[in-house]
Amino acid sequence: MKKIINDPKTVVAESLRGLAAAHADILRVEDDPAIVVRVDAPVAGKVAVISGGGSGHEPLHGGFVGQGMLAAAVPGPVFTSPTPDAVEAAVKATTGDAGALLIVKNYTGDVLNFETAAELAAAEGLDVRSVVIDDDVAVKDSTYTAGRRGVGGTVLLEKITGAAAERGDALDAVEALARKVIGQVRSIGVALTAPTVPHAGEPSFDLADDEIEFGIGIHGEPGIERTAVVTADELVARMVEAIVTDLPFGEGDKVLLFTNSMGGTPLVELYLAHGIAERLLAERGIVVERRLVGPYITSLEMQGMSLTLLKLDDELTELWDAPVNTPALRWGI
């Protein structure tokens, strides 16, 4: 295993110190328990949108803390859920009378620990709601979940709900908007290589040079099928088919297309795949109105990609376009 680290036990803490040093104008990092907090939090009169989960998916979630997106992020150890006390600390650091919305990816540990934290905060008089995102069309159940996994759609959900909170929407409205997005977003992922968790020191699964894993999760879980390497045209066509037929998406739908690197796939390949996806969607009469391309929800150094489609309307498009100022997403400021 070759990684730019000192000690597997301190990877997350040292990474968070670097994040804080690089973006002190946007966020701060608090220790014991570790949380990433918007530098001006709590923001009076505005809902705090909070998310989190295991580290190793950067820039998710700490890279999305800032104006127009998350009020706080709660990083757990690599591929391991944060503890309830860390989530509760994030709630207390950011939540005022307007309340908080917790965005939870559908992994058993995340769901249980965020739910416990919400109950603890409620016992202290804070209005805290939770939504669970489960946009992965690959599986109905997996090693980590009861039900579908939360994957690439999480980025879009955090941006849109964060924009609604920033403009001053009440908690009921932000929660309803989150549930709307969850109902209209779908994702699928593939891997060319497995990630190596620092404390494990070896790849999460074995994959031969001539194999692709279809339907992987973001924790190095194997996918639903192992196939021979195929052309980009064939691979992207299969991914688009899996997503489009699930919701389903149909002719005339306006969508946001998110083409995501799992960490090790270079942009030259990612843009190639994105172009294919745009063409295939156009052939179906599906209109790509907004796009996001890059490594935004990763699995350490995994070579692979995911595609996410969100069905848009005027409100969702307006909120996506709204100003955002975070380490990983920044426009309109």
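Guide: Let's start with a word you'll hear a lot: a residue is buried if its relative accessible area is under 20%, exposed if that is over 50%, and partly exposed in between, using a 1.4 Å probe and protein chains only. This is a predicted model, in which local features need pLDDT of at least 70 and side-chain atom pairs pLDDT 80 or more, while totals for chains, interfaces and linings use all residues. Residues count from 1 along each chain as its sequence is written, and side-chain values use heavy atoms, leaving out hydrogens and water.

Visitor: Okay, why is Phe79 called buried?

Guide: Phe79 has 9% relative accessibility, and the cut-off is under 20%, so Phe79 counts as buried.

Visitor: And what makes Leu300 partly exposed?

Guide: Leu300 comes out at 23% relative accessibility, so it counts as partly exposed. Its phi is positive too, about 55°, although Leu300 is not a glycine. You'll find Leu300 in the loop between strand S11 (287-294) and S12.

Visitor: What is there to say about the phi of Phe79?

Guide: That one is near 60°, a positive value in a residue other than glycine. Phe79 sits in the loop between S4 and H2.

Visitor: What makes something an "H" or an "S" here?

Guide: Helices are DSSP runs of H or I with at least four residues, strands are runs of E with at least two, and both are numbered from the N terminus. Helix H3, for example, covers residues 108-123.

Visitor: Which residues of H3 are buried?

Guide: Asp110, Asn113, Phe114, Ala117, Ala118 and Ala121. They sit on the same side of H3, because they cover an arc of only 140° around the axis; the arc is taken from the directions between the helix axis and the C-beta atoms. Over on the other side of H3, Glu119 and Ala123 are exposed.

Visitor: Why would residues like that point the same way?

Guide: An α-helix has 3.6 residues a turn, so residues three or four places apart point the same way.

Visitor: What covers the buried residues of H3?

Guide: The cover includes strand S3 (48-55), helix H2 (84-94), strand S5 (100-105) and strand S6 (128-133). Contact means heavy atoms within 4.5 Å.

Visitor: Which residues are buried in H6?

Guide: Leu235, Val236, Met239, Val240, Ile243 and Val244. Their arc around the axis is only 155°, which puts them on the same side of H6. They pack against strand S7 (185-191), strand S8 (211-214), helix H7 (267-283) and strand S12 (304-311).

Visitor: How do you know that S1 and S2 are paired?

Guide: Two strands pair if DSSP finds at least two bridges between them. S1 and S2 have 4 bridges and run antiparallel, so they meet that cut-off.

Methods. Expected span 1.5 Å × (residues − 1).
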